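Please read the following report alongside the sequence and the model, taking each part in turn.

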Amino acid sequence: MKNKTRLPHLYLALLMIIMYLPIVVVIIYSFNVSKQSTIWGGWTINWYKEVFRDSSLIEALKNSLVLGLLSCSIAGLIGTIGAVGMVKATYKSKGLVEYISTLPIMIPEIILGMVFMVFFSLLRLPFGMITLVIGHASFCIPYVFMMVKARLVGIDKSYIEAAKDLGATEVRAFLDITLPLISPAIVSGMLLAFAMSLDDVVISIFVTGAKTNTLPIKIYTQLKTGITPKINALSTLMLLGTLILVILSNVIGKRKRV
Amino acid sequence: MEKKEKKKKSKSKLWMTVAPLYIFTILFVVGPLIYMLNLSFMTRAEVWGVVKKFTFDNYLKIFEPVYLDTFIESLKLSLATTLITLVVGYPFGYFMAKLSAKWKKIMMLLVVVPFWTNALIRMYGWIIIFRSNGLLDKALIGIGMTEKPLKLLYSYPAVLVGMVYSLLPFMILAIYSVAEKMDWSYIEAARDLGASRLQAFLTITVKLTLPGILSGVVLVFIPSMGLFFISDILGGGKIMLVGNLIRDQLFTTRDWPFAAALSVVLMILTSLIIMLYRKITHVRDLEGIL
């Protein structure tokens, strides 16, 4: 009997180890003295220093952060206001628009990247930060929209009715009652969107200009040309950043505010 | 009376709140998609760019052996990926649903974390493992299973592992979300009525978790055809996916109308799968997507 209950746990544990193996390997080798990943030469933190000395990486980091902030702010604004309106709206087009607006996270990324690339060149938009922001906002909006909408459906409408009965205007009731209630969903949706933007490589490759590199693009091109432990160090730092964002998003999203 | 008036007033202002979403969606989602459809019927210019001359050639070109083979190979790889993720992920999601509430939470977090981390970084880890004389080779030589390095990097199996690895969390979460809600008493009843473990599993468990299986299949199959960077990094460009084909047509060959036609076909394929999924399960959203 004991064997029967152990086997599933063994399977879960084994698969978990395999899942984390590549990540752990990247982290460990970021401390490797040897330049080659086939040889272990002892521990060092030199590669981390190298990362911060590389001005092109710092530039890419700056681009990634600006891009993430801009696209998640746009998503926060459009996604939140849109969700608030959509919950009340009774337009015939509502269902269709809602479906189409979530398409960017449903269809294969490559299609989204490709349509943006050809569309932006049709509009003659200069490829660079502007096109990156539009591209990223398109897949950031659905995250905020879906999270805020789920939260809105769950809140008690009587609060808002009460505020209105007491003479509050529509805007006032929204700012004083609805907004505080949905703010955890907004923040966690935006953090998630930020993390997605920070990690995106496919869309970015298609819509970036020759001069604007983001961190994932930088990693991608270096992976194809030559590999140095510097990428390990950079990757470890990015892992850490994403991890913090996801945990933050989870903690804030789950917090109940009344 | 006053209330009614207020309601009317708020209705008339409602359009202002949905306007940004409508405008963004129409301008930057509908617009590009329609342009892609348009572009797929245009003709490629001699040197650079496109000419607005209606043609079906771009679609016919897909049936040329070189491209058709890539399409079929890519579909096969996607099917293999989906099948393996199902076989590996099903027991995982199923066993996970049987854990205690505390462990469920922990496992959930453990599954989700790699999923949010950069896909490139995880692929990079596999490079270190698969390299000639890399970690896997050393381990296998160490235990005496092989004498020479396996040269796994830049091969078909490496790409397959990379694909399965990056899409597995989708399958696990889809299976788990259904298995967790499952009523185990049905299985007990079947067992009490004399069904063997296998019988009970095949007739009851599989049927009850079918929505999860289907949504997992959809969630894995759809993105799998576009993951060109995995075949780039782990396949060394030797294995071509539809994604690689589209990318090359855009950047190298610069045949944009053909790239558009490929994307349209891929998009139609994707929509058909989603529609089929909805028809079978009557569910509008994919289980376990968020």
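## Chain B as a whole

In this predicted model, the secondary structure of chain B consists of 13 helices and 2 strands. Its C-alpha atoms fill a box of roughly 80 × 65 × 35 Å when the box is taken along the principal axes. The radius of gyration of chain B is 24 Å, whereas a compact globule of 290 residues would have a value near 19 Å.

Of the 290 residues in chain B, 44% are buried. Among its contacts between residues at least 6 apart in sequence, 70% join residues that are at least 24 apart.

## Chain A as a whole

Chain A has 11 helices and 0 strands, and its pattern, read along the sequence, is accordingly written as α-α-α-α-α-α-α-α-α-α-α. The C-alpha trace of this chain spans about 70 × 65 × 30 Å along its principal axes.

Buried residues account for 47% of the 258 residues in chain A. When contacts in chain A with a separation of 6 or more are considered, 79% of them are between residues 24 or more positions apart.

## Where the two chains meet

The contact between the chains takes 64 residues from chain B and 62 residues from chain A. On the side of chain B that touches chain A, the elements that give two or more residues are α1 (2–39), α3 (65–97), α4 (101–116), α5 (119–130), α10 (210–224), α11 (228–235), α12 (242–251) and α13 (256–281) of chain B. The largest share of that side, 20 residues, comes from α1(B). Sorted by type, the residues of the side of chain B that touches chain A are 44 nonpolar, 13 polar and 7 charged.

One of the contributing elements, α12(B), can be looked at in more detail. Because 8 of its 10 residues are buried, α12(B) is largely enclosed by the rest of the structure. The buried residues of α12(B) are Val242(B), Gly243(B), Asn244(B), Leu245(B), Ile246(B), Arg247(B), Gln249(B) and Leu250(B). These buried residues pack against α5 (109–122) of chain A, together with α3, α11 and α13 of chain B.

## The nonpolar core

The largest nonpolar core has 151 residues, and those with the most contacts inside it are Ala75(A), Met114(A), Cys140(A), Val144(A), Ala193(A) and Ile175(B). The largest share of this core, 17 residues, comes from helix α7 (residues 156–181) of chain B.

Which residues are in contact with Ala193(A), leaving aside its neighbours within four places in sequence? They are Ser71(A), Cys72(A), Ala75(A), Cys140(A), Tyr143(A) and Val144(A). Three of these partners, namely Ala75(A), Cys140(A) and Val144(A), are also named among the residues with the most contacts inside the core.

## Helix α3 of chain B

At 1.5 Å a residue, the 33 residues of α3(B) should span 48 Å, and this agrees with the 46 Å that separates its end C-alpha atoms.

With 17 other C-beta atoms within 10 Å, Leu86(B) is partly exposed. Apart from its neighbours within four places in sequence, Leu86(B) is in contact with Met171(B), Ile213(B), Gly216(B) and Val217(B).

## Two arginines with positive phi

Most residues other than glycine have a negative phi. Against that background, phi of Arg124(A) is near 60°, a positive value in a residue other than glycine. Arg124(A) has its place in the loop between α5 and α6 (129–154) of chain A. Is Arg124(A) buried or exposed? With 6 other C-beta atoms within 10 Å, Arg124(A) is exposed.

Arg254(B) likewise has a positive phi, near 60°, in a residue other than glycine. This arginine, Arg254(B), is found in the loop between α12 and α13 of chain B. Arg254(B) has 16 other C-beta atoms within 10 Å and is therefore partly exposed.

Technical notes: Residues numbered from 1 in each chain as written. Chains lettered and ligands numbered in written order. Predicted model: local features only at pLDDT ≥ 70, side-chain atom pairs only at ≥ 80, totals over all residues. Contact = placed C-beta atoms within 7 Å. Helix = DSSP H or I, 4+ residues; strand = E, 2+ residues; numbered from the N terminus. Nonpolar A, V, L, I, M, F, W, Y, C, P; charged D, E, K, R; others polar. Buried ≥ 20, exposed ≤ 12 C-beta atoms within 10 Å, placed from the backbone. Rg over C-alpha atoms; globule rule 2.2 N^0.38 Å. Core = buried A, V, L, I, M, F, W, Y, C linked by C-beta atoms within 7 Å. Expected span 1.5 Å × (residues − 1).
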